[in-house]
Structures are given as structure tokens and as C-alpha cells.
Amino acid sequence: MSLKNRIIGLAAIGAAALAVAAPLASAKQAAVAKTVLPSTSACSTLSYSQVFLPFGDANLYFLTPQGSFEGAIDGWTITGSAKVVADAGYAGGPVADTASLELSAGSTATSPPICANASTPTFRFFAKALAAGAGTAGVGVSYLDASGNKYKGSGSFVATAGWNPTAEMRVRTNKIAVDASGWGSIQISVTAPSNSALRIDDLYLDPRMH
Ligand SMILES: [Ca+2]
């Protein structure tokens with residue numbers, strides 16, 4: 001990937017950039033600290049590939065834990081309702097794809113903790129709206145910063161009626177709390193439009209410096 005391409009890629013995601021909100025109350029921070037920071041022992045052995053090369057994106061990505069919805073999904077938290085359905089988001093991709101997650105209208109799925117640090121600035125996934133003229137879908141990112149505060153960013157996208165990769169969505173990872181191994185974690189959430197169910201699949205993070 002050339003520097004020029006990187007700059008263009010980052011410029012393109014400007015509209016989807018995730019704004020960082022004020023930290024939550026301190027009582028909540030303590031609880032989050034226990035639940036969000038995972039073991040980072042697996043972070044140094046992640047497998048990277050140019051997943052989105054067929055879509056003109058030469059960056060290296062790794063598949064997030066349970067991000068393909070092909071096996072267990074017990075690490076995901078659902079607000080509202082969701083189910084695994086036999087509709088692959090990216091059948092031609094590197095994952096042997098048979099299933100995706102269908103969120104009912106207005107429901108939210110929050111990922112398990114994902115290895116992240118300052119070198120993992122963007123993520124992408126596949127999405128498909130079930131209703132024609134579906135409204136805006138929401139995306140959120142949360143993580144603990146180096147001061148122990150929980151930061152939460154939010155963005156949005158319009159899902160198409162067929163499966164397509166989302167634009168690159170940016171994570172402001174430069175403030176993530178990391179341990180001695182150099183890794184911390186983020187959680188990504190996706191919210192279906194209020195007027196349409198939404199299917200999602202194959203959530204990938206981009207490690208810029210790998
Ligand atoms: Ca899948």
C-alpha cells in the first residue's frame with residue numbers, strides 16, 4: 001500500500017469518523033475496566049490478510065473474535081433481538097462463509113473485546129439491509145484510555161439492500177490503554193436502522209503498522 005493510497009483512504013472515511021464523547025462516571029469506569037480488558041496473549045499471533053483487495057482496499061486486516069458468525073457468538077452482547085441466519089456476507093472471502101447475524105430493526109450487537117492499539121486505526125465489515133429504503137445504521141466503538149476512562153465514539157452508515165462492505169470506519173486508537181505487551185482492546189457495536197432488519201458479517205480490523 002502506498003502512502004498516497006493511505007491518505008486517500010483516511011480522507012474517504014472522514015464522514016464516518018467516530019467522535020469521542022466525554023468519559024462516563026467513575027463508578028462505571030471501574031466496572032468496565034474489569035470486563036473490557038481481555039487477555040492480550042493472543043494479540044501478537046493474529047493472522048493478517050488483504051481481505052478487501054477485491055474491493056480496492058489493499059490494507060491488511062485481521063478477523064475479529066467471533067466476527068464471522070460461523071461458530072460460537074457468546075461473546076457478543078445483543079440489545080433487542082438477533083439471530084444467526086444462513087446468509088453469508090462474503091461467500092468469496094477468506095472465511096468459509098455460511099452464516100451472518102441478523103439484527104431486528106433498532107437492535108444492537110456489541111462485539112467481544114478485540115485486540116487493538118495505536119496501530120489498528122480502522123475497521124470494516126459486511127452489511128445488508130432487509131427493507132428497501134432502510135434508514136441509517138449506527139456504529140459505536142468503546143475502549144478504556146490510558147487514564148482508565150471509558151471513551152465511546154459513534155458513527156453511522158447506510159446499508160444497501162445487497163451485501164456490501166462498509167466504508168473504512170476510523171477508531172481513534174491513539175489513546176487506548178495498553179498493557180506490557182503493547183495491546184489493549186476495543187468493542188465495536190452495530191445498531192440496525194429503526195425501520196429495517198440488518199444483517200452483518202465478517203468484522204475486520206486494520207492493523208496499519210503490521
Ligand atoms: Ca459469516
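Analyst: A residue is called buried if 20 or more other C-beta atoms lie within 10 Å of its own, exposed if 12 or fewer, and partly exposed in between, with C-beta atoms placed from the backbone. This is a predicted model, in which local features need pLDDT of at least 70 and side-chain atom pairs count only at pLDDT 80 or more, while totals for chains, interfaces and linings use all residues. Residues are numbered from 1 along each chain as its sequence is written.

User: Why is Asp74 called exposed?

Analyst: Asp74 has 8 other C-beta atoms within 10 Å, so Asp74 is exposed, because the term applies at 12 or fewer. Asp74 is found in the loop between strand E2 (62-63) and strand E3 (77-79). Strands (E, at least two residues) and helices (H or I, at least four) are DSSP runs, numbered from the N terminus.

User: What makes both faces of E8 covered?

Analyst: Thr122, Arg124, Phe126 and Lys128 on one side are all buried, as are Phe123, Phe125, Ala127 and Ala129 on the other. In E8, 8 of its 8 residues are buried.

User: How do you know that E8 pairs with E14?

Analyst: Two strands pair if DSSP finds at least two bridges between them. E8 and E14 are joined by 7 bridges and run antiparallel, so the two strands pair. Within E14, Tyr204 is the bridge partner of Arg124. E8 is also joined to strand E12 (residues 169-170) by 2 bridges, again antiparallel, and there Arg170 is the bridge partner of Thr122.

User: What makes a set of residues a nonpolar core, and which members touch the most others in the largest one?

Analyst: A nonpolar core is a set of buried Ala, Val, Leu, Ile, Met, Phe, Trp, Tyr and Cys residues joined through C-beta atoms within 7 Å. The largest has 44 residues, of which Leu103, Ala116, Phe123, Ile186, Leu198, Ile200 and Tyr204 touch the most other members. Strands that each supply at least two residues of this core include E8, strand E9 (136-144) and E14.

User: Which residues does Phe123 touch?

Analyst: Two residues are in contact if their C-beta atoms, placed from the backbone, lie within 7 Å. Leaving aside residues up to four places away in sequence, Phe123 touches Met169, Val171, Ile188, Leu203, Tyr204, Leu205 and Asp206.

User: What is the predictor's confidence in the protein?

Analyst: The predictor's confidence in each residue, from 0 to 100, is its pLDDT. The mean pLDDT of the protein is 82, and 80% of its residues reach 70 or more. Over residues 1-37, however, the pLDDT is below 50.
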